[in-house]
Each structure stands twice: as structure tokens, then as C-alpha cells.
Amino acid sequence: MKLATKMIHAGMEPDPSTGSVMVPIYQTSTYVQEAPGKHKGYEYARSQNPTRSALEAAFAVIENGKHGLAFSSGVAATDAVIKLLSPGDEVVAANDMYGGTYRLFTKVFEKFGIVFKYVDTTNVENIANVITVKTKLVWLETPTNPLMNITDIVAVAAITKAHGCLLCVDNTFASPYLQNPLDLGADIVMHSATKYLGGHSDVIQGCLVMNDTSLRDQLYFIQKSCGAVPGPQDCFLVLRGIKTLHVRMQRHCENGIKIAHWLRNNPKVAKVYWPGFEDSKGY
């Protein structure tokens with residue numbers, strides 16, 4: 001299936017009750033059960049919701065993964081990944097990454113005994129040099145927000161696999177249109193779906209995608225137990241947004257080329273951060 005077709009049809013199955021080609025907004029909190037624990041796959045909307053299930057399937061499809069999980073924001077998705085860890089565990093992360101992620105790490109999780117090491121991940125040797133037996137996770141963001149720094153996911157994946165730790169990649173800026181970190185060796189892909197996946201500035205949402213079923217089950221337990229889930233209306237909006245992701249990203253790229261070169265040729269601009277320049281470190 002070609003990429004554009006995959007984006008349009010991801011997660012979409014005709015509604016069994018009406019035949020609707022668009023997933024309905026299941027605005028419900030509880031579901032009828034024939035008997036305690038005997039139901040049609042849905043029992044309480046914090047645990048499952050049909051609209052959210054369709055979106056989670058779509059997330060998996062567009063990232064070439066097996067499992068998707070939707071969260072109430074990108075930070076909530078990041079929060080769930082860090083909750084896989086225990087006090088004393090170490091995380092290696094970029095010294096240039098989204099400020100909300102850095103704030104979550106330093107102002108919230110450091111208090112619970114998680115140790116964070118920040119390095120320039122554009123040089124993968126910096127990662128290898130700080131990994132210890134306590135390192136359980138490497139957190140990458142590539143391209144970074146906002147300086148557009150690039151890290152070699154394949155090279156970092158080789159390091160994390162050799163040391164038996166997880167690799168999570170924030171793929172928000174590239175989007176699945178340009179990059180699929182699972183194909184490059186990552187264990188988890190994270191998105192702020194608020195940005196390109198939603199695409200219309202009308203929803204806050206995040207997601208995680210992975211292949212490993214055991215890892216999915218751990219993250220689903222955190223999702224269900226901690227409750228940072230999106231509502232069905234928001235899930236519907238992101239399902240809609242994904243359908244035009246390929247068209248929007250193509251135009252973003254075309255416009256970005258023109259703007260980057262225009263800015264570089266403007267004498268009032270000292271430096272342009274864009275990895276598309278052939279002399280860029282991330283080219």
C-alpha cells in the first residue's frame with residue numbers, strides 16, 4: 001500500500017452497526033455487560049473506547065508498528081514512558097530537546113530518583129560514553145524542537161541494543177511521512193499528535209507506538225491506571241487529521257525549502273537552523 005493510501009485509510013473499518021465509513025464518536029463512559037466481566041470488548045471508557053481504539057490502530061499503521069496507544073497530550077505520553085522506570089534508573093537524553101520534556105524530566109521525575117544525563121546526541125559517541133548498567137532508556141528527539149538537530153537513529157539503536165536498554169524516539173517534527181523510527185531500530189515512537197498528526201490546531205493529544213507486545217501491555221497498564229486518556233471527540237479529530245498528513249507534510253517541505261533559502265540570503269539573518277542545507281551538520 002502506498003504511503004498516501006495508508007494515511008487515508010489507517011484505522012478505518014466500516015462501523016458494524018450502520019456501515020458508516022467514518023468511525024463514530026462514541027461519547028460514552030460505560031458499556032452494558034451481559035455478566036460481570038462478560039462484554040463486547042469495552043467496559044469503561046478510561047480503559048477502552050471504540051473511537052480511541054480506531055485511532056490507536058491508525059497510529060500503529062502509519063508508524064509501521066503493531067501497537068498504538070493514545071494519550072491526552074504528548075507530555076502525558078512521555079510521562080507514561082518514564083513511569084516504566086524505577087528510582088535509581090538512568091536516562092540518557094539530548095541536551096537540545098522540547099522544553100516541556102526537559103521540564104517533565106527535571107522538575108517532576110528527578111524528585112522520584114530517576115537520573116537524567118544530557119548529552120549532544122548528534123554525536124552518538126557521547127551516548128555510548130555515558131551509558132552504564134543503570135541506564136534503562138535513551139530518549140531521542142530528531143529533528144529537535146526548535147533547533148532541528150539530527151541524530152542517527154540506526155547508530156543509537158545499535159548502542160541501546162548492545163546495552164539492553166530501551167530507545168524511545170520523539171518523532172513529532174518529522175512525522176511518519178518523513179521518518180519511521182521503529183524501522184530504524186527504536187523500541188518506542190512518541191508523538192505530540194497536537195502538531196502534524198492533528199494538523200488543525202484544534203486538539204491536544206499524544207501517542208506511543210511499539211512492536212513489542214509485552215512493552216505495549218506495560219504501557220497500557222500505565223495508560224489505564226493513571227488515566228491520561230483523550231476523549232472520543234479528540235480522537236475523531238486526529239483520525240480526520242491523519243487523512244491529510246501526506247498532503248500537508250509535502251507542502252510543509254516545499255515551503256520550508258523556499259523559506260530556509262530566503263532567510264539564508266537575507267543579510268539581517270545571522271544563522272538559519274535547517275538540516276536541508278548541504279553544509280548543515282545534520283544534512
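**Questions on the predicted model**

User: Leaving aside neighbours within four places in sequence, which residues is Ser73 in contact with?
Analyst: This is a predicted model, and Ser73 sits in its loop between strand 1 and helix 3. Setting the sequence neighbours aside, the residues that Ser73 touches are Ile204, Gln205 and Gly206.

User: Is Ser73 buried or exposed?
Analyst: The side chain of Ser73 reaches the backbone nitrogen of Val75 at 3.4 Å. Its relative accessibility is 18%, and the cut-off for buried is under 20%. So Ser73 counts as buried.

User: Which residue in strand 7 is the bridge partner of Phe71?
Analyst: Strand 1 and strand 7 run antiparallel, with 5 bridges joining them. Strand 6 is also joined to strand 7 by 5 bridges, again antiparallel, and there Ser192 has Gly206 as its partner. For Phe71, the partner in strand 7 is Gly206.

User: How many of the residues of strand 7 are buried?
Analyst: On one side of strand 7 you find Gly206, Leu208 and Met210, on the other Cys207 and Val209, and both faces are covered. In general, side chains in a regular strand alternate between the two faces of the sheet. Strand 7 is largely enclosed by the rest of the structure, because its buried residues number 5 of the 5.

User: What is the order of the strands in the open sheet?
Analyst: The sheet has 7 strands and mixed pairing. Its edges are strand 1 and strand 3, each of which pairs on one side only. The twist from one strand to the next averages 20 degrees. Read across the sheet, the order is 1-7-6-5-4-2-3.

User: Which residue in strand 7 stands opposite Met190?
Analyst: Strands 6 and 7 are antiparallel partners. Across from Met190, the residue in strand 7 is Leu208.

User: What angle does the direction of helix 6 make with that of strand 5?
Analyst: Start with helix 4, which packs on the sheet by touching strand 2, strand 3 and strand 4, with its direction at about 140 degrees to that of strand 3. Helix 6, residues 153-163, packs on the sheet too, touching strand 4 and strand 5. With strand 5, the direction of helix 6 makes about 155 degrees.

User: Which helices are included in what covers the buried residues of helix 9?
Analyst: Helix 9 spans residues 232-242, and its buried residues are Pro232, Cys235, Leu237, Val238, Leu239, Gly241 and Ile242. Their cover includes helix 1, helix 2 and helix 10.

User: How far is the nearest cysteine sulfur from that of Cys253?
Analyst: The structure holds 0 disulfides. Cys226 is in none, its nearest cysteine sulfur being that of Cys168 at 16 Å, and Cys226 is partly exposed with a relative accessible area of 47%. Cys253 is in no disulfide either, and the nearest cysteine sulfur, that of Cys207, lies at 19 Å.

User: Which side chain does the side chain of Gln179 make a polar contact with?
Analyst: Gln179 lies in the loop between helix 7 and strand 6, and at 16% relative accessibility it counts as buried. Sequence neighbours within four places aside, the contacts of Gln179 include Glu63, Thr142, Ile153 and Leu184. At 2.7 Å, the polar contact made by the side chain of Gln179 is with the side chain of Asn171.

User: How many Å apart in space are Gln179 and Lys136, C-alpha to C-alpha?
Analyst: In sequence, Gln179 and Lys136 are 43 residues apart. Taken from C-alpha to C-alpha, their separation in space is 24 Å.

Definitions and conventions:
Residues are numbered from 1 along each chain as its sequence is written. This is a predicted model: local features need pLDDT of at least 70, side-chain atom pairs count only at pLDDT 80 or more; totals for chains, interfaces and linings use all residues. Side-chain values use heavy atoms; hydrogens and water are left out. Buried means under 20% relative accessible area, exposed over 50%, partly exposed in between (1.4 Å probe, protein chains only). Helices (H or I, at least four residues) and strands (E, at least two) are DSSP runs, numbered from the N terminus. Two strands pair if DSSP finds at least two bridges between them. A polar contact is a pair of N or O atoms within 3.5 Å; within protein, one must be able to donate a hydrogen and the other to accept it, and residues adjacent in sequence count only if both atoms are side-chain atoms. Contact means heavy atoms within 4.5 Å. Axes are lines fitted to C-alpha atoms, for helices over the stretch in contact, and angles run from 0 to 180 degrees between N-to-C directions. A disulfide is a pair of cysteine sulfur atoms within 2.5 Å.
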